Amino acid sequence: MAKKTLILGSGAIKIGQAGEFDYSGSQAIKALKEEGIKTILINPNIATIQTSEHLADEVYFNPITPETVEKIIKKEKPDSIMLSFGGQTALNCGVELYKRGILRKHKVKVLGTPVKTIEVTEDRKLFVDKLDQIKVKTPRSIATSSVKEAIKAAKKIGYPVMTRVAFALGGLGSGMCIDEQELAEKAKQAFSKVKQVLIEEYLAGWKEIEYEVVRDQYDNCITVCNMENFDPMGIHTGESIVVAPSQTLTNKEYHKLRDIAIKVIRHLGIIGECNIQYALDSRSEDYRIIEVNARLSRSSALASKATGYPLAFVAAKLGLGYSLTEVKNSITLATKACFEPSLDYIVIKIPRWDLEKFRLVKREIGSEMKSVGEIMAIGRSFEETLQKAIRMLGKDMHGLVCNDIKFKNLEKELQQPTDERVFAIAKAFQQGYSVDRIYALSKIDRWFLHKLGNIVKMGKKIKSARKLSKLSKEILKEAKQNGFSDYQLAHLLKTNPDEVRKKRLQLKITPFIKQIDTLAAEYPARTNYLYLTYNAQENDIVFNKGKQVMVLGSGAYRIGSSVEFDWCCVSTALTLRKLGYKTIMLNYNPETVSTDYDICDKLIFDEVSLETVLDIYEKEKPLGLIVSMGGQIPNNLAAKLHERKVPILGTSPDSIDNAENRHKFSRLLDDLGIDQPEWKELSSIKEAKRFVKRVGYPVLIRPSYVLSGAAMSVAFNDQSMNAFLKLASKVSKEYPVVISKFINNAKEVECDAVAFKGKLVCWAISEHVENAGVHSGDATIVLPPQYLYLETARRIKNIAKAIAKKLNITGPFNIQFLAKENQVKVIECNLRASRSFPFVSKIFKVNFIDVATRAIMNEKLPKIEKSAFELDYVGVKAPEFSFSRLKGSDPILSVEMASTGEVACFGDDIHEAFLKSFLSVGYTIPKKNIFLSTGTPETKAILLESCHLLKKMGYTLYSTFGTHAYLKEHGVSTTPLYWPLEDKKPNVMDYLKNRKIDLVINIPKNFEREEVTNDYYIRRTAVDYNTPLITNTQVAKLFIQAISQYQEKDLLVKPWSAYREEGVHR
Amino acid sequence: MKEKTLARLVLKDGSVFEGKPFGADSSEAGEVVFNTGMVGYPETMTDPSYRGQILVLTYPLIGNYGVPPKEVEHKLLKFFESSRIHIKGLIISDYSHNYSHWNASSSLSDWMKDGNIPGIYGIDTRALTKKLRTKGSMLGKIINKENISFYNPNKENLVEQVSPKKVTQYGKGKRRIMIVDTGCKYNIIRSFIRRKVKVTRVPFDYNFNKHQYDGLFISNGPGDPKMAQETIENIKIALQKEKPIFGICLGNQLLALAAGGDTYKLKFGHRSQNQPCIEKGTKRCFITSQNHGFAVNPKKLPVGWEEWFVNANDGTNEGIIHKRKPFFSVQFHPEASPGPVDTAFLFDRFIKRVKNG
């Protein structure tokens, strides 16, 4: 058996590749450790649980590229490697290592599915040929290698056709084309990134079904879970509402597809786990095999959580050579892993989209992934589960009905789905559409539509009671069984949710807690994997009001809240366990490690809402709740829970309110003599203008309640101010806007800290590379700061101390500062863990969450040496953007957050760390040609020296005419190219589309959100053609400095432990 | 609204589960058992092995795809496992009033009305299942309007009730398979027809030994195998010959008894589509469909026989095989329907033995 195994992670979270790989990688490491195998993990995603101290033996925060992996192989000399736990990134890298002969050269054995098999599943033609051998059906498909060939193939198959791209994650570059023009455009784009594009038969309207299959080397093969897409073929499964198990399949259909799955997987020779997708005709038993993913996938994470079957863990064991009959069922502990789970509940997954955060993006969903996260709901009726699921999305929707949502063109919405289609269906029912009519437009199976119709009907039934007092016990119970929240009932009966709750408790209508046991109650389960349902008569568990603490999780991954909060929740749970507390975890995100049932004593997979938390609290009566680890969702519940006498552990909810409430916080800063940017809350446009006149432009404008800066904007003049206020037409007393003075060219600095009873225990001050104006979630962050005055740092620490004392903080908190010439102003303060806690914890090798948890629980705090904060290495955190997936969106940084993930790397100096982290998020060191468009005269001047440097390094520079003139004047020669909107050659668009440019530096002239411009075309085209793009002056400068000092081969591969040793001993 | 009326499931231990009625509005008594399969209610409900039983389905959403039409193929209803519903009643959590499937011809409720089978939905089937798991299968009754008394089907010869009265021939082929129908599922017959053999289906107490055949098959069926004494006696005679014998489910138990072994009643039986069975002496494990309340006692196997398959979950017997002669049987259902078809190769193995003479 293997002795030392290398595991490839998946890097930053991006659209199509999210937190699910933290889950699968963590499970794999656990499975290997259990066998005494030494594990080496490569993953630059610093916010993951898999890169925490307690898991892998060595962690490398390095880019997952063949070059880096080879260096690490040389250094570590592993005997084996696992490729299937880090998504497409790991798989692609693994295939490349194999192809280049690196694995053979260093005698590294691939555990699990052989690379030959992976290649077959990734190459469409090989795949179809292989499946033809056993006479199973695949869609009619022609592989093409040029635009011309693609057009010819489409003619043969007949329009509409599907285009598909080999080796793609999340269906990038695939889509339906109705005619030749559309196909030509799509194919051209696709060929810029890949060598092969497939033209395929279009199966719109067929059912989409998936199976998760597990096979061992003894040829035992089982299907762990099947899933049915609510949305028929045509919509990527990552964009679909998915139900497990399938609902509309007969025994014959279910087992026919299952049997084919097993045949195919055996024929392919997969060892471990994989996913097979089918199209199933809705009018016969005809089918097509769409694809096989020979690795753990988003669907397998979902299937794991849906069934309780630890797919990744089992897959890792099978990779080591075990048989399915030798691995135990970790839920029952009595039975074996060789079985197929039986569910006695239903599971619904809904993707979470954040499309409104992007400028100019298309809202339609289709065969490419755009969603940034997902949620999973569990219940015992479809109606109950769906309504829960919709609320879990956290998009201010209260369920299927009772939402404030309007559609301009309902028919179109049903036919061409956007992220809001499910609500359009509810609207259609309300407007009297029949099931058949909705079916004709949407092709969603009538069974699902009837269920949605039932919810609408139930809503009407509730409403007809007119008053809460007249609502009968039966109807109230039925409403709860159909998933209506107290809020929905209150909305329909014109009362408030507290009244509904009161009545409910009087009538003893409360949810029951049920257990997920993989065997539908046939055998007793030993684990507490739980959910709530009203479709029951008894609880599965006994409530022992012991020494237990409940941790509220972070919910769906979204822009602004991602794996970093899961790391915080998991770290808290682990510390609580160490301290001897029993833990209850509440969360509903299937991509997380916090929802692994071995992390806590009780995992409740359900809503993190006031209603649900109260329901659970009243049953479990824990000592208290920790709300400061899961980001804004639990934090927002603090005050409401506190009002209802639920004990909140750590900083008091009153203090949280003092920090969150802008007026209170501002007064507090004034009292403490701490400076802040001038601001005002304004409820009319007239007032707003008067304020701006006084403080002067630029100003930062934001609506009253925001998460991660949604709809925030900077106005530089009357024109942009007017444009914004027009958009914010709702400005009123109820919806005020906050306008604050925006300070140009200021540095942004963050302080992440932990306090105990008002006293600072540990802190980390880090600086942004970008000047203020870029959302902190999108910023490149450096720790320890390299360009910050000592005096500024000292002032920041003192402010943190003063605020901690004033708010009597116990637990984690984060303060954001503006710094300019030693002037420090406070922008924001959150009395909870922030996005950067895992980053600072791992750079400092001091787990801030562990410290915070001990503080919260009033336990003995570890002694932290001052020297722990003195490092002789640097950490740089870089954002990952998923602009290439969000067709049409303007890839620009602003006060609104747009990044989907992040990485962080270590280096001996800032340049090394910076370059490693930028390579980790997909940048490459330019080979030859760079295109420059360096913005305003001011930014042009800042970048002048960098341009000289580029020239000195031998790069060929192209530029816009404006930049050309400026640079020429200052002695840098460039070749000018015409703007995209100019019909002249040589045009920058041709250079971009023909991939002649290796790097685009395009500095926008201001932060305004405006129309489609020349600059937009340059940025968008760079992204569409996979050319690295930099749009920030400070980043451009640092990047150029970095590449002038380091080449890729100079970058060190050094394990985390090596950095930590240096950190500790000096 | 009609929904206001309630139906009750009363168990022998005095516990009562209240829900809403569907299907026929009659009252029925029987033995309450649970099945954890997630698909295949039309197949399950027409499986003769459920004779006398009130069936609890643990999967909560039932009726989703309606019920298929009564098409006939090879003299058998194409989409069902026998000519009628055999369960006494159906207990579920959530009934789909609106079904959707291209091959459906009626709703589950209407089909049950036609067969005079009552059902209850709105029951916490998980709570009920846990009770049956801990206390064992129990007598129970569905009460709609009138109260009735409990009824214990295991005291009757259920095989006699489900076995055909006459002999029927199916299929074409050189080899002749004799099926002793002690409650045979149609898909067993179909599995043989598909393999191009001539099938003679005879009643459970029929003296098949007077006929010539190339292979003997003993089917599945309901209840306590010891009730089918006539069948056991006939098998004893067959065992003295060398013709291949294959048994499924009840057939496994009857073969064991005829050979001199013993059977016993399981606490709550195996009724599901996910039972892992290990072929002894190998690392091969098969996912199987099962429906049985009795099992062969592996400790009392007669001389010359050995265990063939065992259940990976609880170690119970899943099949026996003669060490030298071509006699073998399995406790699970290779014919599936409902359930996984992974062990269908056993039919091939049997036919191969038959062909090899």
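Domain bounds here come from an automatic or database domain assignment. This is a predicted model, in which local features need pLDDT of at least 70, side-chain atom pairs count only at pLDDT 80 or more, and totals for chains, interfaces and linings use all residues. Residues are numbered from 1 along each chain as its sequence is written, and chains are lettered from A and ligands numbered from 1 in the order in which they are written.

Q: Into which domains is chain B divided, and how many Å separate their centres?
A: Chain B is divided into domain 1 (2–154) and domain 2 (158–355). Taken over C-alpha atoms, the separation of the two centres is 26 Å.

Q: Which strand supplies the largest share of the side of domain 1 of chain B that touches domain 2 of chain B?
A: Two residues are in contact if their C-beta atoms, placed from the backbone, lie within 7 Å, and the contact takes 29 residues from domain 1 of chain B and 29 residues from domain 2 of chain B. With helices (H or I, at least four residues) and strands (E, at least two) taken as DSSP runs numbered from the N terminus, the largest share of that side of domain 1, 3 residues, belongs to strand 3 of chain B.

Q: Is A:Leu280 buried or exposed?
A: A:Leu280 lies in strand 13 (residues 272–280) of chain A. A residue is buried if 20 or more other C-beta atoms, placed from the backbone, lie within 10 Å of its own, exposed if 12 or fewer, and partly exposed in between. Because A:Leu280 has 23 C-beta neighbours inside 10 Å, A:Leu280 counts as buried.
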